[in-house]
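Me: I would like to learn how to read the features of a protein model, one at a time. Could you take me through the one below?

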Amino acid sequence: MIIGVTGGIGSGKTYICKLLEIAAIPVFYSDVEAKRLMNSDFNVKTAITELLGDEAYVEVAYTEDSVPVEELDRKFVSQKIFSDPELREKLNSIVHPAVFEAFKEWRERQKSNVTVIESAILFECGLDKYVDKTLVVSAPLETRIERLKKRDNMSDEEIHKRMASQSDDSSKLRRADIIIKNGPKDDVNSQIFNLLKSIQNDLFTPAPKVLPYIGS
């Protein structure tokens with residue numbers, strides 16, 4: 001079983017995934033893998049440079065052979081894509097296929113019969129087609145904004161742009177198989193416990209008995 005976990009920025013989906021990891025369920029973090037690929041995969045880096053220009057990467061160090069080590073200039077890229085939906089879509093078309101290939105390779109190495117793929121844009125990039133269940137983490141808008149200000153020191157303008165780049169919560173919730181409410185007053189542990197029970201039932205419930213046909 002593959003469970004796709006998503007939620008709006010600041011909803012706490014990574015926290016929920018960490019709880020699932022504690023329950024021995026392997027989690028593939030798409031956003032983390034995307035960052036790794038954008039910094040290390042030659043084909044991905046080349047395509048991003050062609051799309052956004054040489055300014056997309058900055059030199060941060062040198063190897064022993066004096067070869068420059070480059071990293072994605074996240075501030076530059078964010079400024080470019082969050083104000084240009086078409087450019088953002090082109091960047092996604094470079095990164096998402098590479099992330100999904102990495103996920104498939106990762107999943108083949110897992111021994112658990114339940115795995116999780118976490119993605120902020122699970123529905124937007126079509127990853128939901130490849131999972132058995134979708135789980136949406138939801139939190140009140142005010143809570144999400146407060147978390148982002150504390151966690152990432154983001155301005156109101158930056159938060160607005162990030163949220164505008166994702167589909168709204170209502171559309172995610174309509175497509176969800178499972179919803180975890182992660183607001184300040186929500187009992188997350190109880191919801192996770194019920195989720196684990198549900199997964200166990202789905203995996204180990206025996207098939208219904210088929211009664212023999214008795215002809216007339």
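**Reading the model**

Reply: Let us begin with a pair of charged side chains: aspartate 202 and lysine 133 meet through their side chains in a salt bridge, with 3.6 Å from N to O. The pair links distant parts of the chain, since aspartate 202 lies in helix α9 (residues 188–204) and lysine 133 in strand β6, 69 residues apart. A salt bridge here is a side-chain nitrogen of Lys or Arg within 4 Å of a carboxyl oxygen of Asp or Glu, while helices (H or I, at least four residues) and strands (E, at least two) are DSSP runs, numbered from the N terminus.

Me: What kind of model is this, and how are residues numbered?

Reply: This is a predicted model, in which local features need pLDDT of at least 70 and side-chain atom pairs count only at pLDDT 80 or more, whereas totals for chains, interfaces and linings use all residues. Residues are numbered from 1 along each chain as its sequence is written, and side-chain values use heavy atoms, with hydrogens and water left out.

Me: How many salt bridges does the structure hold?

Reply: Side chains of opposite charge can pair when their charged atoms come close. The structure holds nine salt bridges. One of them joins arginine 36 to glutamate 33, with the closest N and O atoms 2.5 Å apart; both residues lie in helix α2 (residues 30–40), three residues apart, which is about one turn of the helix. Arginine 36 is partly exposed at a relative accessible area of 45%, whereas glutamate 33, at 12%, counts as buried. Another salt bridge is formed by glutamate 146 and lysine 150, whose closest N and O atoms are 3.2 Å apart. Because glutamate 146 and lysine 150 are four residues apart in helix α6 (residues 141–152), about one helical turn separates them. Glutamate 146 is partly exposed, at 45%, and lysine 150 is exposed, at 67%.

Me: Which residues gather in a patch of negative charge on the surface?

Reply: Patches are made of residues with over 30% relative accessible area and no salt bridge, where like charges are joined within 9 Å and nonpolar side chains (Val, Leu, Ile, Met, Phe, Trp, Tyr) within 5 Å. Lys and Arg count as positive and Asp and Glu as negative, with His and the chain ends not counted, and a charge is placed at NZ of Lys, CZ of Arg, CG of Asp or CD of Glu. Here Asp54, Glu55, Glu59 and Glu70 gather in a negative patch on the surface. Glutamate 55 sits in the loop between α3 (42–52) and β3, and at 48% relative accessibility this residue is partly exposed.

Me: Which residues form a nonpolar patch?

Reply: Val58, Val60 and Val69 form a nonpolar patch on the surface, with about 190 Å² of accessible area together; such areas come from the Shrake-Rupley method with a 1.4 Å probe, and for residues only the protein chains shown count as cover. Valine 58 belongs to strand β3 (residues 57–62) and is partly exposed, at 31% relative accessibility.

Me: What is in contact with phenylalanine 100, leaving aside its neighbours within four places in sequence?

Reply: Contact means heavy atoms within 4.5 Å. With neighbours within four places in sequence left aside, phenylalanine 100 is in contact with Leu127 and Tyr130. Phenylalanine 100 lies in helix α5 (residues 85–108) and is buried, with a relative accessible area of 16%.

Me: What should I notice about phi at alanine 24?

Reply: Most residues other than glycine have a negative phi. In alanine 24, however, phi is near 70 degrees, a positive value in a residue other than glycine. Alanine 24 is placed in the loop between α1 (13–22) and β2 (27–29) and is exposed, with a relative accessible area of 61%.

Technical notes:
Buried < 20%, exposed > 50% of the residue type's maximum accessible area, 1.4 Å probe, protein only.
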